[in-house]
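Please open the model in the viewer and keep the selection panel at hand.

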Amino acid sequence: MRFIAAMILLITALPGLYAQQQSQPPALKEHFGEADDPVNEYLNTSLAPIRENFKKINATKQWKQVKSVNIEKGEGGTARFYYAGSGLQKIAARQFGEMSQLLSEYYLLHGKLSFVYETEMRYQQPFDTAGAEIITTRSYFSNDHLAHQLNSEDCGAPFSSDYLEEERKRLYESYGQLLQLVKER
């Protein structure tokens, strides 16, 4: 009789345990109230307006409008579009995967993409943040050109022009897909 009772208890508990295991981990936080500290001194002058814009946008407390759109790719996610008096200022796209979570923040300056801050959390086990690795990539744009990129996994040496061009294409493709999402809504 105890065996049957234990089996019934186990069978009724399994769906809850499975659902708990499949739930999404805590979300990465957007970069509000932060400044982008210079790393490479030789670029301080050219990157200063981008850094100031990043700081200004992240210090904004009141937005004219914030739109949220669901992302149906992978394990799902959301994109938030932040609007101020002069139009779209920032997009924060959060995407979940079985083995990672990606937060991509796109910043606009004078209506053009100026900075992309990507934070990726890579899990050791599916949907488990314990012992997760955090990788950050900061991409700086000037006149639609990827002028500089910093990645927490690299040694700090500048990337090749071919690599930067591929990254520019990747980031603009993602940015374009997000803009299309908000237009369809």
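What is the volume of the largest pocket? The volume is about 360 Å³. Here a pocket is an open set of points on a 1 Å grid over the protein atoms alone, where a 1.4 Å probe fits, with protein on both sides within 12 Å along at least five of seven lines; lining residues have an atom within 4 Å of a point. A volume is the space filled by probe spheres set on the points, which are joined across faces, edges and corners.

This is a predicted model, in which local features need pLDDT of at least 70 and side-chain atom pairs count only at pLDDT 80 or more, while totals for chains, interfaces and linings use all residues. Residues are numbered from 1 along each chain as its sequence is written, and side-chain values use heavy atoms, with hydrogens and water left out.

Select Ile71, Lys73, Gln95, Ser174 and Gln177: of the 19 lining residues of the largest pocket, these are the closest to its centre.

Next, select Glu118, Glu120, Thr137, Asn151 and Arg170, the closest to the centre of the second largest pocket among its 13 lining residues. Its volume is about 170 Å³.

Now select Lys90 and Glu30, whose side chains form a salt bridge (a side-chain nitrogen of Lys or Arg within 4 Å of a carboxyl oxygen of Asp or Glu), with N to O at 3.2 Å. Shared partners join Glu30, Lys90 and Glu105 into one network.
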